[in-house]
Structures are given as C-alpha cells and as structure tokens.
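My entries are kept in the order in which I looked.

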Amino acid sequence: MELRTTVAVIGAGHAGIEAALASARMGLDTILFTMSLDSIANMPCNPSIGGTAKGHLVYEIDALGGEMGRAADKVTLQSRTLNLGKGAAVHSKRIQADRKKYQQIMKSTLEKTENLRLIQAEITEIITEETPESPYSKRITGVKTQLGEIWHCDAAIISAGTFLDGRIFTGNVNYSAGPDGLLGANGLTGSLVENGIKIMRFKTGTPPRVKRSTIDLSSLEVQDGEVDLIPFSWSTDPDEFNDLEQIPCHIVYTNAETHRIIRENIHRSAMYSGQIHGTGPRYCPSIEDKLVRFADKERHQLFVEPLGENTEEMYIQGFSTSLPTDVQYDMLHSLDGFANAEIMRYAYAIEYDCIDPTQLYPTLEFKQISGLYGAGQFNGTSGYEEAAAQGLVAGINATLKIQGKAPMILERSSSYIGTLIDDLTTKGTNEPYRMMTSRSEYRLLLRQDNSDARLTPIGRAAGLVSDEQFEHFEHKQSLIAKEKERLESTFLSKDSATEFLAKHGKEPAKSGVSLADFIRRPDFDYESISEIDTSRPKLPKGVVLSASTDIKYAGYVKKQLAEVKKHERLETKSLSPELDYLSIRGLRIEAAQKLNKIKPLTIGQASRISGVNPADVSVLLVYLGIK
C-alpha cells in the first residue's frame, strides 16, 4: 500500500498549525506530523499572545484567514494594549492566555478540519529527487518517519520549532531534549544537510514556574487588564469579549540581593561557562545577561503571570536563566513576596538547529528544493506570532503552487508579515529574529486596526478567506467609510465651535469647523468631542477606532503612501531566479556574489540586500533596459 498525501507538515507548533489548516481549508489533502499529540500548540515559553508588533501579526493572521487570533480570544485571561502613550501606529494588543485551554482548542480545531489528518510520528528524513532541467536542483517527493514509513507528497513544510537536535542546559547539567522536557528531534538535521541545506545553531530559554499559593501577592504591584476590549478576530463577538472577567497579573523587581546572588554564581551559568555555543535572542536576554549588559541598573522589572485559570503555575517573565537549581531558588527567594516560593518547573536554556533563511524565496520555499518550505523558529525567528505568520504564508503558497496559481508574496508596505519575511529572506539573521514596530518603514500604514483593510482581499484572492469573513469585512469597511464621511460633512457653526473651544481653554474658531477637523487637532479625539457630536450613531469599537484614526493621521498617511508609490517601481520590476549576476558588466563582485546567493525576485528586494548599493541597483536597471 502506497502512503500518500498532498501536503506534509512537520511539527504541530504555531507555524505547523497555521500551515496545515491553510492547505486543508484550501482543499488539499494534508497531514500534520507531530512528535506528540499532547504537545500540539504548546507554549513552552510565555503563555501570552501578542505584544509590541506581535499583536499586529496576530491581527494580520486573522485578516488573511488564519486561526491564532480566533483561538486567542477564546482563552484570554487578561487583555492589555501596549504603547498607548505613543502614536496609533505602535499600539499593540497583548493577551495573557490559558495555556492548556489554547492547546485543547487548537487540537480540536485540527481534528475537526476537513482534508486534514493528524499523525503522531517523528519525521527523520526528507526524500528528494534530482531535477536537472528545472531552476531547482531537486524536488521533494516524500518524508520518512522514525518507524520507517514513507509518505509520498507534493509539498512539505518544515516547522520543527526548537526540537531539531534540541539540548537543554541548567547549570552544568545538559541533555538531549526538546522544550518542556519533551523528546528532541535528532534525525532530521542530517537529512537536511545531505540535501545541501545550511544549518545554524540558536539558543533560547525560559524562567522558572512558581506555585501561586507560595507567593505573597499582596507584596506585589497589581497589573489589571484594560476596559473597552477589542478582540483579535473578526469572528469574536465584541460585546461578549468585552464582558470578559479578567485575571490580574503582578509586577515585582529584582534588587541588590538578587544581583549579588547572580553575580557570585554567574560562572555556573551554562551561558557563561562555555557550554552553550548557539546565539541567543538579543531582545529577550536571560537575567544574568541583563546584569552583564546593563550593569548600572539597580533593578529589573519582572511580570508574574498565570499559566491558566485552573492551574497554580505562575510564569515569571523577565527571569529567564540557565543557572543551576540551587541558585534559581536563592535568587527567587530574594524577591519581595517570594521568600517561600516553590518552583514547579525549573528554568533552562535550550539550543537547537535552524536554517539560514536566505535559502528561501519570499514564498518560504527553498530555492534549491522545489516543494519544500520552511516556517517558524526553523527559519531563525523567535516567538509564537512570528511562527504562526510564517506557517500561514508557507501553507498558502505550497497550496497555490500545487494548484498552479501565482504565489502570495506580501510586500513590506502591505504588512508586518511582509516585512518579517522580506527581512529573513533578503537580509538573513544571525540571532533569533523578533518582530518590532521599528523594523517597518511604513508603521503608520500598518496599524492593528486596519489589518483587515490591508490583507483580507489578499486572503480572499488566495482562497483562504471564507464567504462569511469577507461579508463581515465588507460590512465593516462600509461602516467605516460612512462614519468618515459623516464626520467630514458635519459642521459646527463658528459660534458653537468657539463655545466648545472656550470650555477647553482654546482660541476661538475663525469659521465653521467640521467634526473631522476637531479630531485632527492634537488636543481632541473621537471621545472628547462626543458632547458636540449629537447625531453620533452607535457603532462597533473597531469601526470607531479605524474611522477616527484614519481621519486623525490622514496627512501622515498620505505622505507614507507617496513613499510607497515612489518605491513601487522597484518592487514591480522582476528578476529571474536563474540570472547569473557575475555575468553582468559593471556590477561589483561583492554585489554579484550577494545577489547570486539571495536570488532576489525583484529590484526592490535586491536593493535591500546588505552589500548591494544604489550604484549596483542602477547597473541592474540598465541591464534590464529600465529607465
């Protein structure tokens, strides 16, 4: 009996889930392989979803037809919007998630999805064949399990997370394992190397989990959730979501005693004893790393967060370490309110194999192996949200290729997902890549609140956005347009405007003023003009947010759109992946070598490659006959 599927997805973390759901929902027979059915959608690190720039990714995943936002809304313990003291472009939603409930919901969703099978098996080999007459040197033909089964397939997506040759470090103890003490995947890396794939070694880590009843929470700062919640997903009832009973989180700080304990024992940390060779995340360092990097800081903020509604486990965000267990206890007990704290899970660092992502096209397909895709931490990123975004893109593009359709390539100006993938495939990364708002040059265009406006039509064209989602999208956009028009066309007389302005200590109006003009002023917003907006309709919060933000920042948005248009010329000029840049006269050798390595698909992508300067871009334009 021949074992066959159309799409094989390797790994059921956040990337694998989105990839498998996308291909199955788009009509292809799909198998999602996982080393353990009990670890599907696991959150081995922080039990949260969203955060700075990461919240944007979740909204974008939902807009394209993905699942993460929908599941996150169902398991929200607490919701907060970060960066509210800054402009709308960087407002980012973050929720504290019920870890086990999230896993259960995702597993159930996978099990009930048509065209999708779940199989508990370790994949130890990818099977390829030579394709000498193709732009690719090989193509994927199947995958092999540890039990010797060979599953033939047309496409495979590797989303192995931190499992590949995973190694756990706590003090001077280290052993082969995946995250959370699960088995590591030790067979696949060798097969990838045999197929010419370049492997890198990265590292990440987690803090201890502490028993809630052993913490004196009364000694800590309380961090409550926000009011007026807006869900991640279009499918979540906003009124029901806003009635959510939230669980508080808490804040504690390290102190001089904590720092003394860490400094006196830092030689026992796996990070500083020479045991760990992988590169760790710059933006999520261990506590011992923080003390070394920020030696002048007298304290560091830590967040005490629940892992779920029905568990005593508490996560100490910011306290990641690879120090030995006795030191973990000492430093934990030095914190206010933690004198009697009991550790339920010890902190650890984990090293794992991943790939150089410049080996991928922006579709996330390998340049040398047709039909093989990479997604998630396997591609050198960190974070659940980055992983899910890549999984969705890989799943969509694998399906589109099999269906003989054009790929979905998201531009930097379209989304944070496009920025993430462009950064990875064009520039590569020498450390676990984390999405941040500062990575985008189009931040004001890429707000959370307009994710659907930017991406739902793209998801619809790809075939993943359902009729129901698209109807909801069109209705919302219609409401936004109508409200913007109402605000622009509703005027206060000069006298009424002056009276209102006088109440707020402002200069009198020189003429009649529209409601939109009030919103555009830095000292007013949609809520603060409610008393003069007597014809205001009752609208969903998401509609109000988008309409008022569009109006307030219209001038800035117009400038960014002009920038996009200016660069569009380069983004639409295609380059053949078969082009040999060393044969182009006038191109510097360094630039030609970099271009041959990356194989950019457009002039725009070529211009962002490190080592390619504006003069090189001019040579390419002349070569292509573009004026």
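The entries below cover the basis of the values, then helices, strands and a loop residue.

**Basis.** I am working with a predicted model, in which local features need pLDDT of at least 70 and side-chain atom pairs count only at pLDDT 80 or more, while totals for chains, interfaces and linings use all residues. Residues are numbered from 1 along each chain as its sequence is written, and side-chain values use heavy atoms, with hydrogens and water left out.

**Helix α4.** I took helices (H or I, at least four residues) and strands (E, at least two) as DSSP runs, numbered from the N terminus. I then listed its buried residues: Arg 99, Tyr 102, Gln 103, Ile 105, Met 106, Thr 109 and Leu 110. Viewed down the axis of α4, they fall within an arc of 165 degrees, so they line one face of the helix. The arc is taken from the directions from the helix axis to the C-beta atoms. Buried means under 20% relative accessible area, exposed over 50%, and partly exposed in between (1.4 Å probe, protein chains only).

**Helix α10.** Gly 404, which follows α10, has a positive phi near 75 degrees.

**Strand β12.** I counted two strands as paired if DSSP finds at least two bridges between them. β12 (residues 167–170) runs antiparallel to β13 (residues 173–176), with four bridges joining them. Thr 170 is opposite Val 173 in β13. The two strands form a hairpin with two residues between them, and Gly 171 in the turn has a positive phi of about 60 degrees. β12 also pairs with β21 (residues 348–355), antiparallel, over three bridges. There, Ile 168 has Ile 350 as its bridge partner.

**Cys 45.** Where is Cys 45 found? I located Cys 45 in the loop between β3 (30–34) and β4 (48–50). Cys 45 is partly exposed, at a relative accessible area of 22%. Asp 180 is 135 residues from Cys 45 in sequence, yet 8.8 Å away in space, C-alpha to C-alpha.
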